[in-house]
Amino acid sequence: MTGGREDPLGALRLTRVVNAAGTMTALGASRLAPAAAAAVDAIRGRFAAIDQLQAQASAAIARATGAEAGCVTGCAAAGVTLGVAAAMTGADLARIERLPDAEGLPNEVVIQAGHRVHYGAPVDQMITLPGGRVVSAGSAARVEAYHLADAMGPRTAALLHVVSHHVVQEGGLQLPDAIAAAQAAGVPVIVDMAAEYDLRGAIALGADLVVHSAHKFMAGPTAGIVAGRRDLVRAVYLQNRGIGRAMKASKEAVAGAVAALQAWMRRDPAAAGMRETEILALWEARLAAQPGLTLTRRADWTGNPVTRLRLTVAPETAGLHAWELADRLAKGDPMVAVRDDLVERQEIYLDPTTLDAGEAETAAEAIVAVLANARAVGDGLALTLGQWRRARMAGALRWPSAETV
Ligand SMILES: *Cc1c(COP(=O)(O)O)cnc(C)c1O
């Protein structure tokens, strides 16, 4: 800090993170949008009647999504758990207070097999937390309407449909068909689309409850945004008198999420797209000549209006595997984070949404430096994929040892 002022982070000494990975919980999710920061700032020093605050959040969420009502939860995962709870209990306070004891309640949650994914924690667990039971429909890459129909019955509380790059994209039922199958069985549909830009589509198709994340592309504070049918949203909100208490949203989260949502609705998507395209072009210019790297622009997997840069590594030419490149970038100072979920294909993805031009430059320089070093020293091609994954897991289990960060 300059001018002798105290560092507001006190004793925390954090490695600078250059984030070319996207909005990841493990990296602090997002940088707060100015409008969200101002709202958090405005409410943090005062009290507020939370029912009133959440009722106004409901109106704002309804306007943004086209739903009847909405509320703010601790995060999107909490929104899924409380949505399942709501489908099980309705507005019955006695039932709400006895969860996860689901004795006598409909508690089966039907989910397509290819939707049972892990986004840092397993979706299944968000269903079982409030006392729900997972009923898997179909197989990983093949689900027909008859699988869903067969899985639903008198004990079904809801169908949970996940829209995400994590789910198996091939062979599953798309949202309109899943909603039709659930409606034919009289079953409510909860849609987990935490990271999807489209805030209105699922509601327009007839989804009963839709869950978004406030701290991903919207750049709000950590929170979930739930939108949907008025009675179900009310039942979600009432869970705060039960298991919701263990995952509550602060007044700062509610005010900040609403402000982020409203700022998001006002944003200029063309300007954002141009900024991101400039970053992609900068990366292409810096990395085009690197031996062993092939660069390709790739559209988002689920149709979000985002284009990322794919780096395909030819290990023998580059002198290291894609996972070694990601690993060395993450261990640098600054730490450069890239998307490493497809490294088994020798692919790394750079996401332009979470950094500015200066940081994009830093990320490119770091990649060039790691590659140059691997060529000069010849210490790449040393870790198999299995060894890298085991080392990562072992590191996680050594937390809070300093070497795990
Ligand atoms: C990120 C994500 C979540 C978790 O969201 P949080 O708000 O961090 O709890 C849940 N579902 C999907 C599909 C996600 O992408």
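## A walk around the second largest pocket and beyond

Start at the second largest pocket, which has a volume of about 900 Å³. (On a 1 Å grid over the protein atoms alone, a pocket is an open set of points where a 1.4 Å probe fits, with protein on both sides within 12 Å along at least five of seven lines; the volume is the space filled by probe spheres set on the points.) You are looking at a predicted model, where local features need pLDDT of at least 70, side-chain atom pairs count only at pLDDT 80 or more, and totals for linings use all residues. Residues are numbered from 1 along each chain, and side-chain values use heavy atoms, without hydrogens and water.

**Stop 1: the pocket lining.** Select F217, A219, R275, T353 and T354, which lie nearest the centre of this pocket. The lining has 34 residues (each with an atom within 4 Å of a point). Next, colour β1 (17–20), α10 (251–266) and α11 (269–287), the elements that give two or more residues to the lining. Helices here are DSSP runs of H or I with at least four residues, and strands are runs of E with at least two. Which element gives the most to the lining? It is α11, with 6 residues. By class, the lining has 19 nonpolar, 7 polar and 8 charged residues (Asp, Glu, Lys and Arg count as charged; Gly is among the polar ones).

**Stop 2: an aromatic pair.** The structure holds 4 aromatic pairs (ring centres within 6.5 Å). For one of them, show Y197 and F217: their ring centres are 4.4 Å apart and their planes stand at 25 degrees, so the pair is stacked (planes under 30 degrees apart). Y197 is in the loop between β6 (189–192) and α8 (201–205), while F217 is in the loop between β7 (209–213) and β8 (224–228), so the pair ties together parts 20 residues apart in sequence.

**Stop 3: two crossing helices.** Now select α13 (residues 322–330) and α14 (residues 357–377), whose axes come within 10 Å and cross at roughly 120 degrees. Axes are lines fitted to C-alpha atoms over the stretch in contact, and angles run from 0 to 180 degrees between N-to-C directions. Show L325, R328 and L329 in α13, which meet A366, I367, V370 and A374 in α14 (heavy atoms within 4.5 Å). This contact has 6 nonpolar, no polar and 1 charged residues.

**Stop 4: backbone details.** Zoom in on the cis peptide bond that joins D333 and P334, with omega about 5 degrees. P334 sits in the loop between α13 and β11 (335–338). Finish at Q346, in the loop between β11 and β12 (347–350). Q346 has a positive phi of about 60 degrees, although it is not a glycine.

Definitions and conventions. Phe/Tyr/Trp six-rings, centres within 6.5 Å; stacked < 30°, edge-to-face > 60°.
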